[in-house]
Amino acid sequence: MTYEIQPLAFDPTSLNGLSAKLIGSHHLNNYGGAVRRLNAIRSELTGLDWSSTPGYRINGIKREELIAANSAFLHELYFQTLGAGDSLKPGGLSVAFSRDFGSFERWCNEFSAIGKALAGGSGWVLCSWSTQENRLLNHWSADHTHLLGGATPILALDMYEHAYHIDFGADASSYVETFLLNIDWDKANARYAVAVEHATSDLAVPSDEVLADPEKFLVLDVRRAGAYEAAKSVITGATWRDPERVEEWSSSLPAKPVVVYCVYGHEVGRATAAILRSKGIDARFLVGGIHDWTRADRPVEEK
Ligand SMILES: [Fe+2]
């Protein structure tokens, strides 16, 4: 099966400080080259006699297959990372940056420092959702092969020289700063939401189960601070906990099954439940959040 080159999802003339010439060359020659290598390798693999091929040839071609495949896939994530250059809106990813790095600014500082440290060398800087640690992590990736086990990359910064030399020469630092101005945060947030959703599908609790025996559960409102402050009511009996500070309050919870809810039952509540689970707490998230709870006329009380 031939792997197809994915077209750019944005107008390459629309970026701020990254030229269409740079993006076009990168997409056509480097990403496209990786896809073409991958297809050539896969074609050769199809006809390989595994029983008679020497181990050193199998080692070599499987190594090259991995390099070509991950180069193609990480380039696709890189181009998906670029686009609107808008601001990060309050929500799942902004909560995660504060929770896992202290603040969005500290995440930026760490991510860009890893990129700048690769100046004169090469590699990727990835921000990934780790299902092992239930958090976002920034990490280095060399030779297209050093990915974080069990993690889903959310953002990708290409630090190979071909990604910037046309516009920036050897000034890798300016390239990193310019890259950060061109991130499509809405799409990044959507990728984060999907990654968390896949990791938490077994942690859902329907509202009927909570309503059937409310005393059984400790119900926690984990809407982000801004959403909670703007709200007038909470689910009856619930208390609010800041999802950005789960590390601080998780150790003081009573020994009781926990149900957390956010606005819609998406990544804020799901990630909080997963983090509590990793600390040995019997925690799940409420399907549909307080939005569906309220629409079904379930009991709420004023804050
Ligand atoms: Fe590249």
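In the hairpin formed by strand 1 and strand 2, four residues lie between the strands, and Asn134 takes a positive phi near 50°. Strands here are DSSP runs of E with at least two residues, while helices are DSSP runs of H or I with at least four residues, both numbered from the N terminus. The model is a predicted one, in which local features need pLDDT of at least 70 and side-chain atom pairs count only at pLDDT 80 or more, although totals for chains, interfaces and linings use all residues. Residues are numbered from 1 along each chain as its sequence is written, and side-chain values use heavy atoms, with hydrogens and water left out.

Strand 1 (residues 124-130) and strand 2 run antiparallel and are joined by seven bridges; two strands pair if DSSP finds at least two bridges between them. Val125 has Trp140 of strand 2 as its bridge partner. Five of the seven residues of strand 2 (residues 135-141) are buried, so this strand is largely enclosed by the rest of the structure. Buried means under 20% relative accessible area, with exposed over 50% and partly exposed in between, using a 1.4 Å probe and protein chains only.

| Element | Residues | Buried residues |
|---|---|---|
| strand 2 | 135-141 | five of the seven |

Among the buried residues of helix 3 are Leu93, Phe97, Arg99 and Asp100, and just after helix 3, Gly102 takes a positive phi of about 100°.

An open sheet is formed by five strands in the order 4-9-8-5-7, with parallel pairing. Its edge strands, strand 4 (204-205) and strand 7 (239-240), each pair on one side only. Strand 5 (residues 218-221) pairs with strand 8 (residues 258-261) in the parallel sense over four bridges, and the partner of Leu220 in strand 8 is Val260. Helix 11 packs on this sheet, touching strand 8 and strand 9 (283-286), and its direction makes about 170° with that of strand 9.

The axes of helix 7 (residues 185-199) and helix 11 (residues 267-278) come within 9 Å and cross at roughly 45°, where axes are lines fitted to C-alpha atoms, for helices over the stretch in contact, and angles run from 0 to 180 degrees between N-to-C directions. The two helices are therefore oblique to each other, a class for angles that are not under 35 degrees (roughly parallel), over 145 (roughly antiparallel) or 65 to 115 (roughly perpendicular). Contact, meaning heavy atoms within 4.5 Å, is made by residues including Tyr192 and Val196 of helix 7 and Arg270 of helix 11.
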